[in-house]
Each structure stands twice: as structure tokens, then as C-alpha cells.
Amino acid sequence: MIRNLSSIRLRMSATGLASRNYSSRISSAMSMRAKYKSSSTKLDGLDSVKTDHYSNKTESYLKELSASASMSDYRVKAAQSMITLSKTCGNFDTAMKKNLADEGVPENISFKFDYDVSSGEAKITEISDETYLDGVQSALKKTMKTVSLDTVANGSKILNGKMAEAYYPQVAEALEKCFGQDISDLSVDRRGNILGMNRKLRDAVTSEMTDRSFDARSRYGFPAKSLSSVIKRVVSDKSAGSSVSHMSFERGSLKTADGDISLGSKCASPSMKDTKMVLRAAAAGTPNSMDLWAENGDLF
């Protein structure tokens, strides 16, 4: 039964059709729960993680998972993502403070910068004292060599609902590598049909419509099992081409500014009261989370 439902949904997605029944989307999201079960999601696995502002706030609902069994796996995954992101920010803080000190930059110097995930480069956009600009630039460059900001940047975008922006670079690279397809040549019409596909991509999308066991990840090396639904969501989002995340460093702490929710080692944990935020948080700290969004995008 589950396989039949998955096949129907896949065919509808590839032909541009979408269900308007909200309850059916909820059921679809819940059916994904089994796919994300893993022994690593046991609470005992979190005992060795150093407590921080995120873990302190997530411990309470981690102990109450039995009260919401249908979302339990997603809630555990969300808690782990928040801890991962907080620890990464903390590691960046430690390295950055050391490198700033080595450059002779005073602790009270603050600055803002844009981090481009596609290029891996950071551009300082504002600084409290331009006298120390060169030292800050040097310290930032050294820090990024030891602590990658990709996870933080993408996690920030995902938590703020900018899913297409977060996944665009991966999808663009995969389309070129797997199918020789330039993503800039693609578009989606009003009926949800993908336009501008080359022959190789068109054959793959056609195969997806007719093959119940189609898996773009195993067959082509695409970053998600679904192919057409991911392409549609990314291509149809006008802002998806932006791979820049806005950040700042002040009082020894990194902080993102990509929306209402900020990431950082000292930022408050986002509320986990609704399905949308739980799913976003579950995807935010995991590089291979595109499938979760591809199959339940309407719930994000």
C-alpha cells in the first residue's frame, strides 16, 4: 500500500499535479518517519555531547517523546541538528577569537560579513573600526580553513524556510554532473511542466514517471531519490540562485541573520511546537536531508 501511494505521488509530481488535501500531506509526512529511524537517535547517544544553550532547552522535550510518537523521530533528529549547529558555531567562536588575538585585533571589535556557500568565500560588509579591517580579514580567512561555515549557512537558511536557496548549489552541480544539464536553461510552466531539459534529463524524468522503484540517488548519483519534484521546487523559486548567508561576529560570538531565526552558540533554540519547525530543524543540521524536503515540501 505504501509503495502504491508513493508511486501515485511520484507520478503526480512529475506531471505537475499536486494534492490539495492537507490531511493527505500530513499522512505522507508521517510515512517518512520510518525511513529516518536509526540507532543513533537514541537518547543515550546524546549523553556524551557537551551541554549548551540548545541542548539545555531540548532535553525537556526529548524526555517527553512518548507523548508524541508520530513525530518522535523527527524531534530527536531536530534536537541533534540544533546541537550540531550550536557546537559548530562554538568551534568557530573559539578559533576566531584566537586568530583575532594573533592579529592584534581588540576583543571589542565587531563586524558583519556575507558567506557564499558556492564559492566558500566571505566578504566583510561592516566593521566597528576600519583600522583593524586587514587583521579581521586575515583572522576570518584562517578560521574558515579550520571550521567550515557551510553547515551553519545552510542550516540558517533551512530554519528560516529558505529551502530552495539552501539546496540550489547542490542541485545545480548535480544536474551538470549527472545529466550535463545547465540549471539556468530550465524553467517550470503554469502547469508544472519542466521546460528546457536536454535529452538525458528528459529521459530520466520520463523514467521516473513510469518506474515505481525509481531512485535518482542510486541510479544517477543525484543528491535525492526524487528528481522532478526537486528540480521544480528549486527552479520555480526566483530567489533560489542566492547562496549567500548573512553573518556577524560580536562579543566573541558568531550569529546568522538570514531571517527571524538566528543561529549561534548563544542563540535561543527555536520553538518546536509545530510540524513545520520540527521538520526544518530535523533537516537543518544534516547534509543529506534533501529527501525529507522533496517528499514533504508543502509542510516546510
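I'll start with Q181, which in this predicted model sits in the loop between α7, residues 163–179, and β3, residues 187–188. Is Q181 buried or exposed? Its relative accessibility is 2%, so Q181 counts as buried, the cut-off being under 20%. What does Q181 touch? Leaving out residues up to four places away in sequence, the contacts of Q181 are L175, E176, L186, G196, M197, N198 and L201.

Now the sheet. There are 4 strands in it, the sheet is open, and the order reads β2-β1-β5-β6. The pairing is antiparallel. Which strands stand at the edges? They are β2, residues 121–127, and β6, residues 253–256. Each of these has a single partner strand, so one side of β2 and one side of β6 have no neighbour in the sheet. On average, and ignoring direction, neighbouring strands in this sheet are turned by 30° against each other.

Take the β5 and β6 pair.

Helix α4, residues 72–102, lies across β1, β5 and β6. Strand β1 here is residues 111–116. The angle of α4 to β5 is about 60°. Helix α5, residues 133–146, also packs on the sheet, where α5 touches β1 and β2. The direction of α5 makes about 145° with that of β2.

To go back to the edges: β2 is one of the two edge strands, and α5 is in contact with β2. The other edge strand, β6, is among the strands that α4 lies across.

Definitions and conventions:
Residues are numbered from 1 along each chain as its sequence is written. This is a predicted model: local features need pLDDT of at least 70, side-chain atom pairs count only at pLDDT 80 or more; totals for chains, interfaces and linings use all residues. Side-chain values use heavy atoms; hydrogens and water are left out. Buried means under 20% relative accessible area, exposed over 50%, partly exposed in between (1.4 Å probe, protein chains only). Contact means heavy atoms within 4.5 Å. Two strands pair if DSSP finds at least two bridges between them. Axes are lines fitted to C-alpha atoms, for helices over the stretch in contact, and angles run from 0 to 180 degrees between N-to-C directions.
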